[in-house]
Amino acid sequence: MSNKNRELHRGLEERHLSMMALGATIGVGLFLGSASTIKLAGPAILLAYLIGGLAIFIIMRALGEMAVDNPVAGSFSRYAHIHVGPLAGYLTGWTYWFQWIVTCMAEVTAVGVYMHLWFPGVPTWIWALISLCSIGAINFIAVRAYGEFEFWFSLIKVVTIILMIVAGSGMIVFGFGNGGVPTGISALWKHGGFMPNGVSGVVLALPMVAFAYGGVEMLGLTAGEAKNPRKSLTRAVDAVFWRVLVFYVGALLVLMSIYPWNQIGVEGSPFVITFERLGIPAAAGLINFVVLTAALSSCNSGIFSTGRMLFNLAQQGQALRIFSKVGGNGVPNVAVAASLLLLLIGVLLNYLAPKSVFVWLTAIATFAVVWTWAVILLAHWNFRARTRRASDESRSMRLGLFPLTSYLAGAFLLLILCVMTLNEQARIALYIGPAWLAFLCAVYFLLGYERTCREYVEGGSQS
């Protein structure tokens, strides 16, 4: 196979990356899972999302600086390989690959649950299988097809949140859906105060907030297939914080201004209730459609991410060489097919295996989020140490106030790990995560990957 055929096609445009960055940040959790975080912190959850958003902005800025300097597939795994060491790149790549495998298993199962609302007589596993095959087919066409579908999936979520913010603002100011009586924003402090559970409530909510942001780092994986990576990645990364501010904080600010914080989620999704109060009888069906597209979007991103990460690992000599093959469509077809095959088995296991097994798998995925972000910060630290002077390409994405900002983001990740020890369900991730890394290390040395990657380190680490 010629070198040309081994290259990924740069088919992702700036509008694809911009919407992908937003779509990766806004998931099902905002529509259905926000009640659990609000229960912990009350209206002060807004502070938790702001703090988490600032940390994510620092991490994404660090990733973006490396990505515009060296826009390649594999992103943070490749940068860890180059700037930390082959073992770090191997651990990060396989851990992130497995994180998305588990996430996709959960999402395709969720699709079956959502479709059950409309078609109660059809077994949920059929919808799970149909969704997986459909999304898989999209990823085999071309990277542009993936970008188009992800663009429209994300647009649906964005439009829904904008409508909710506008409608909610109408209730607050003009009393729409409330008999013409403006609700005002007094609900933010009337029910036990703005911080009803104290500072501890905000701190305890931080892990859930951080995991809600999980997935935004996949923007770095597009560097190898973006048409103009330096320009488009710079704009997409810079916009992450402001999008989080508007869509997460804005939406939750409106919801908690209309409804008492301790009642949100008790009577169903606040999004559904808001649209119903505005006279939209099909509100439940509308939100079900939105969360369905959100699940499909996550699965779409997962298949894209697993394929590219497996492709990168194979290029680095840390996976079977066959996974580095690229088809005429510019897609790593073998790597994508392997991930899809495992997902098919995973869907079956999800129904046959005990629920506790799946909890263990998701615990590894939870640990992987913190691991990946920490590796990005470490790789960027070494990147800065080796490149004292900014290149023309990376200057536009220079992380400001370095190294103070890196210290702050690192402290945030350390705080998350500390808080996880206080939660019994989250604590299991702190046992399984290191065990998973130990398993990967054993495989790394047993299969001789420390030898097979030397060729890459010596001749192609900067390619």
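A residue is termed buried when its relative accessible area is under 20%. In the predicted model described here, C104 falls in this class, because its relative accessibility is 1%. The sulfur of C104 has its closest cysteine sulfur in C299, at 4.4 Å, which is too far for a bond. A disulfide requires sulfur atoms within 2.5 Å, and by this rule zero disulfides are counted. Another cysteine, C441, has a relative accessibility of 22% and therefore counts as partly exposed.

The chain as a whole is helical in its assigned secondary structure, with 19 helices and zero strands. Of its 463 residues, 55% count as buried. Contacts reach across the sequence: among those between residues at least 6 apart, 82% join residues at least 24 apart.

Helix α3 comprises residues 45-69. With 25 residues at 1.5 Å a residue, α3 should span 36 Å, and the distance of 36 Å between its end C-alpha atoms agrees with this expectation. Of these 25 residues, 19 are buried, so α3 is largely enclosed by the rest of the structure. One of the residues of α3 is E65, which counts as buried because its relative accessibility is 0%.

Two salt bridges were found in a search of the whole structure. Side chains of opposite charge can pair when their charged atoms come close. In one of the bridges, the side chains of R384 and E65 meet with an N to O distance of 2.9 Å. Since R384 lies in helix α15 and E65 in helix α3, this pair ties together parts that are 319 residues apart in sequence. R384 has a relative accessibility of 11% and therefore counts as buried. A salt bridge is also formed between R398 and E65, whose closest N and O atoms are 2.8 Å apart. This pair likewise links distant parts of the chain, with R398 in the loop between α15 and α16 and E65 in helix α3, 333 residues away. Through shared partners, the salt bridges join E65, R384 and R398 into one network. R398 is partly exposed, as its relative accessible area is 22%.

The loop between α15 and α16 also contains backbone features of note. Most residues other than glycine have a negative phi, and most peptide bonds are trans. L401, placed in the loop between α15 and α16, has a positive phi near 55° although this residue is not glycine. The relative accessibility of L401 is 65%, so L401 counts as exposed. The peptide bond from F402 to P403 is cis, with omega near 10°. P403 belongs to the loop that runs between α15 (355-386) and α16 (404-420).

A further loop connects α3 with α4 (75-83), and P71 lies within this segment. P71 is buried, given a relative accessible area of 13%. The C-alpha atoms of P71 and L233 are 9.4 Å apart in space, although the two residues are separated by 162 residues in sequence. Helix α4 itself is mostly covered, as nine of its nine residues are buried. The buried residues of α4 include F76, R78, Y79, H81 and H83. Just after α4, G85 adopts a positive phi of about 155°.

How values were computed: Residues numbered from 1 in each chain as written. Predicted model: local features only at pLDDT ≥ 70, side-chain atom pairs only at ≥ 80, totals over all residues. Heavy atoms only, no water. Buried < 20%, exposed > 50% of the residue type's maximum accessible area, 1.4 Å probe, protein only. Helix = DSSP H or I, 4+ residues; strand = E, 2+ residues; numbered from the N terminus. Expected span 1.5 Å × (residues − 1). Contact = heavy atoms within 4.5 Å. Salt bridge = Lys/Arg side-chain N within 4 Å of Asp/Glu carboxyl O.
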